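Trainee: I am new to this structure and would like a close look at a single part of it. Could you take me slowly through the surroundings of the ligand?

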Amino acid sequence: TEIAPDAVHVPDWLDADRQRELLEACRVWARPPAGLRTVRTPGGGTMTSRQVCLGWHWYPYRYARTVADGDGAPVKPFPRWLDDLGRRAVTDALGARAATAAYDIALINFYDADARMGMHRDSDEKSDAPVVSLSLGDSCLFRFGNTQTRARPYTDVELRSGDLFVFGGASRLAYHGVPRVYAGTAPPELGLTGRLNVTLRVSGFQR
Ligand code: MD3
Ligand code: FE
C-alpha cells in the first residue's frame, strides 16, 4: 500500500521463520560489548526506546564509527546479508528501478509497552537512498507526517510483526513517529515481549 509518494507499506513481508531469525540476530546484537543502550539527547532527556546500531553508531544527531557512548566499544559490523535484505525490500516495495548503494547502517530500537518515538525527521545520513523499516513483536501505531511540520496532516498506520515499510523519494525526509505500542499483540510463537524495529540505511559516508 502506498501511503504517500514512495512510502510503501508491505504487510507480512517476513514470514514466521524469517521473523524468528531476525529476532534472534537482534538479540545477539543487543548483547555487550556495544550492545543495547539508552540514547541520551542533547537537552538532557533520554529516549524511551533502547537502541543498538550496526555499521555506524547513531548519536543525536550525528553518526560515529568507532565508539559507543556506553562502554566505548567499536560499533558492531553491518553484515552483508542485511544489505541483501535491504535491497530485496526496496525492490519489492518500490520496484527494480529504485536500486541504491549498499546498505551500511542498521538502527534497531526495542520498545516496551510504554515506549514512544516522537515526531522527527531522519536527516543525519548523507544519502537519499530509501530507508527500510522492519517490525517485530507487538503492533504499534505509526504516524507518517509531512516534510514541513511535526503537526497534521499525517496518516496513521498500524505496523505489525513482519511488516515492511520503505521510505524513498520525497517521503525520505517526512516527519514520522510511534505514538503508541499495543502491548500483548505480538505473535505468541515469536517469543518477544514488546516491539522491535530494524531500520536499514545508506550512510553516504566514506569509511
Ligand atoms: C520515514 N523508527 O528509527 S519505523 C527511526 O518504529 C524510526 O522504530 C520508528 O523512526 C520505529 O528513525 C519508525 C518507520 C520509519 C523509519 C525511518 C524513516 C519511517 C521513516 C526514515 C525516513 C522517513
Ligand atoms: Fe525515524
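Mentor: What follows goes from the ligand to the sheet beside it. This is a predicted model, in which local features need pLDDT of at least 70 and side-chain atom pairs count only at pLDDT 80 or more, while totals for chains, interfaces and linings use all residues. Residues are numbered from 1 along each chain as its sequence is written, and chains are lettered from A and ligands numbered from 1 in the order in which they are written.

Of the 16 residues around ligand 1, those that come nearest are D122, V131, S133, F167 and N197, where a residue is near if its C-beta atom, placed from the backbone, lies within 6 Å of the molecule. The shell divides into eight nonpolar, six polar and two charged residues; Ala, Val, Leu, Ile, Met, Phe, Trp, Tyr, Cys and Pro count as nonpolar, Asp, Glu, Lys and Arg as charged, and the others, Gly among them, as polar. At least two shell residues come from each of β7 (105-111), β9 (131-137), β12 (164-167), β13 (176-182) and β14 (195-201), strands being DSSP runs (E, at least two residues) numbered from the N terminus.

An open sheet of eight strands, with antiparallel pairing, has the order β1-β2-β12-β9-β14-β7-β4-β3, two strands being paired if DSSP finds at least two bridges between them. Its edge strands, β1 (2-4) and β3 (37-40), each pair on one side only. Within this sheet, β7 and β14 pair in the antiparallel sense over seven bridges, and F110 stands opposite L196 in β14.

Key: Helices (H or I, at least four residues) and strands (E, at least two) are DSSP runs, numbered from the N terminus.
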